[in-house]
Amino acid sequence: MFSFQTLQKIPVVCLMLMLLAACALCDVDIHPHDQWLSFQKKHIKKDMEIKRCDAEIKKRSIFEMKEKVKVCKPVNTFILSEASNVSSVCESGEKCGEDGNLIKSKTRFDIVVCRLNKNCKYPECKYTGRKLTKKIIIIDCKGGYPVHYNGNNYYCNN
Ligand SMILES: *[C@@H]1O[C@H](CO)[C@@H](O)[C@H](O)[C@H]1NC(C)=O
């Protein structure tokens, strides 16, 4: 990609930035089935209730890393369905937008959106849950598995 001469001219800082950028893409290499298991852990609970946000998020160890420190995840959505119904969206859904992996469901799902309350500090993550019914969901599919939840009211340019 780069000749040796070009590389020599790139300042060290630049190289480090490139390495960081490459690392941000590291999770692309995780096997889709493992990502699907992680998706299920974060986003699927058939009998989810709004009052269970704090408990489920804690039990399932759902958090984010910020500068190598665990922080409360700002929003986490639970789909009230079976894993098989969610994974079938990968085949039955409609392609969404230009990015080939985004799929919009044709079937509708009830969801519980857990939103972090203000001034919460990990591990005391307190959420307010809201139930939404019959929503179209947008997911990322890889190798036929849902690997990323993208929301319930995304715009697709098609
Ligand atoms: C899952 O899919 C089956 C078969 O289409 C359907 O009968 C069932 O109601 C679905 N379950 C939920 C929770 O949506």
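I139 stands opposite Y149 of strand β9, and the bridge partner of I103 in β8 is likewise I139. The model is predicted: local features need pLDDT of at least 70, side-chain atom pairs count only at pLDDT 80 or more, and totals for chains, interfaces and linings use all residues. Residues are numbered from 1 along each chain as its sequence is written.

Strand β8 covers residues 138–142, of which 4 of 5 are buried; a buried residue has 20 or more other C-beta atoms within 10 Å of its own, an exposed one 12 or fewer, and a partly exposed one a count in between, with C-beta atoms placed from the backbone. Strands are DSSP runs of E with at least two residues, numbered from the N terminus. Pairing of two strands requires at least two DSSP bridges between them. Strand β5 (residues 102–104) is joined to β8 by 3 bridges in an antiparallel arrangement. With β9 (residues 145–151), β8 pairs over 5 bridges, also antiparallel. β8 and β9 form a hairpin with 2 residues between them, and G143 in the turn has a positive phi of about 55°.

K131 lies in strand β7, which spans residues 127–135. This residue is partly exposed because 13 other C-beta atoms lie within 10 Å. Apart from neighbours within four places in sequence, K131 is in contact with I50, D110 and V112, contact being defined as C-beta atoms, placed from the backbone, within 7 Å. The C-alpha atoms of K131 and C114 are separated by 8.8 Å, the two residues being 17 apart along the chain.

Notes: Two residues are in contact if their C-beta atoms, placed from the backbone, lie within 7 Å.
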